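Let's take a friendly walk through a protein chain. Keep the structure in view and look up each residue as it comes along.

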Amino acid sequence: MKFSVPREALLKPLQLVAGVVERRQTLPVLANVLIVLEGDRLSMTGTDLEVEIVARVQLPEAGESGELTVPARKLVDICRSLPDDAILQFSEENQRVILKSGRSRFTLSTLPANDFPNVEQGPGDLQFSCEQQDIKRLIDRTGFAMAQQDVRYYLNGMLWEVQEGQLRAVATDGHRLAMCTRAVSVSNPEVTQAILPRKGVVELARLLDGQGNVEVILGSNHIRVATEAYTFTSKLVDGKFPDYERVLPKGGNKLVFGDRNELRQAFGRTAILSNEKYRGVRLLLTDGQLTIVANNPEQEEAEEQVAVDYNGDQLEIGFNVSYLQDVTGVLSSEKIKMTLSDSNSSALLEETEGGDSVYVVMPMRL
């Protein structure tokens, strides 16, 4: 194998591929990135056996074809340390890779490409194409609500639900829920559900730059998302996602309309003096006004008053302020609509007109 490539063309795809590679590995070859050259088409693959990313790079000119694996982290660090306009020359000698650039020369160990695992291909049950920005929006709007390390492992991921003409993403950690729905051209009379693992969601979001289309293939235990430059494959979480429809509060009779930015800033300021562990704040709702109160074990207190559009009975309800900050931070409309019923019921937050996202936050006892 022999080829040369500009550092600029190689660095970003290499970083994205190496991002999947875990530092601690059971198999030595999993710490490596697989490099395959066919003419002037270079592909790089990284995997941790759960998630696999393949990046494709077009070389300025054809090289000598071949395939091998090299240590991922070391290759990234070398590329990162070279000057921006550097040209890297790769060549293979005696099971070693020699990397030259200007006056620099590096020799890296290799492992056989045959040892590199392939995320097995299951038959694709459902296939459709959509805009990258739709997938990116689904992840951006819901990803923050995924659980981190919940024993209910199916919550440590994101539900994708494909119906006729729409793709929906739902994430919940048991205390709050985020849901976003986008119209996509897919013919799927039955509802198909798949749970993407947390790591897969994070890596997929890094790949999407919002330009062009993606091909999505949803199998019984894998999902594959392909763009022109990348192919992302992830195993799915084997589990049953909770019935999110039952979580959506129905029949809330207290409608509050407020300025999203004002609320976001008010939540941010009161959060400073909230209890560091529980993050609770009290919301006191009266005609035309929302008062947000936070206090902590040191007897410190913060109070904010925000003018809102509300007419109705007084209500006092407690929430985790971080959850409210997340929602007001991710929405983009000027106004935000909050639907409440009583102090023991969840709040429903959404954009005021034609929004594609819905958020549920459970109350706290303070």
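Begin with residues 131-243, where the chain is 19% helix and 42% strand, and where the end C-alpha atoms lie 27 Å apart. Helices (H or I, at least four residues) and strands (E, at least two) are DSSP runs, numbered from the N terminus. In UniProt, an unreviewed entry lists residues 131-243 as "domain: DNA polymerase III beta sliding clamp central". UniProt positions are given in the numbering used here, feature names are shortened, and annotations may be inferred rather than shown by experiment. Over residues 1-119 the chain is 18% helix and 44% strand, with 24 Å between the end C-alpha atoms.

Before going further, a word on the model. It is a predicted one, in which local features need pLDDT of at least 70 and side-chain atom pairs count only at pLDDT 80 or more, while totals for chains, interfaces and linings use all residues. Residues are numbered from 1 along each chain as its sequence is written, and side-chain values use heavy atoms, with hydrogens and water left out.

Now find Arg-23, in the loop between α1 (7-18) and β2 (32-38). Is Arg-23 buried or exposed? Arg-23 is exposed, because its relative accessible area is 68%. Here buried means under 20% relative accessible area, exposed over 50%, and partly exposed in between (1.4 Å probe, protein chains only). From the C-alpha atom of Arg-23 to that of Pro-83, 60 residues apart along the chain, the separation is 26 Å.

Next come the salt bridges, of which the structure holds 18. A salt bridge is a side-chain nitrogen of Lys or Arg within 4 Å of a carboxyl oxygen of Asp or Glu. One of them links Asp-48 and Lys-199, whose closest N and O atoms are 2.8 Å apart. Asp-48 sits in the loop between β3 (41-47) and β4 (51-58) and Lys-199 in helix α4 (residues 198-207), so this pair ties together parts that are 151 residues apart in sequence. Asp-48 is buried, at 14% relative accessible area, whereas Lys-199 counts as partly exposed at 24%.

Another salt bridge joins the side chains of Glu-351 and Arg-141 (3.1 Å, N to O). Glu-351 belongs to strand β23 (residues 347-351) and Arg-141 to helix α3 (residues 132-142), so the pair ties together parts that are 210 residues apart in sequence. Both Glu-351 and Arg-141 are buried.

Strand β23 also holds Glu-350, while Lys-337 lies in strand β22 (residues 335-340), so their pairing ties together parts 13 residues apart in sequence. Lys-337 is partly exposed, with a relative accessible area of 21%, and Glu-350 is buried, with 19%. Salt bridges that share partners join Asp-134, Arg-137, Arg-141, Arg-182, Glu-351 and Asp-356 into one network.

Finally, turn to two helices. Helix α6 (residues 260-271) packs against helix α7 (residues 321-330) at an angle of about 150°, with their axes 9 Å apart. Axes are lines fitted to C-alpha atoms, for helices over the stretch in contact, and angles run from 0 to 180 degrees between N-to-C directions. That makes α6 roughly antiparallel to α7; angles under 35 degrees count as roughly parallel, over 145 as roughly antiparallel, 65 to 115 as roughly perpendicular and the rest as oblique. Residues in the contact (heavy atoms within 4.5 Å) include Phe-267 of α6 and Leu-324 of α7.
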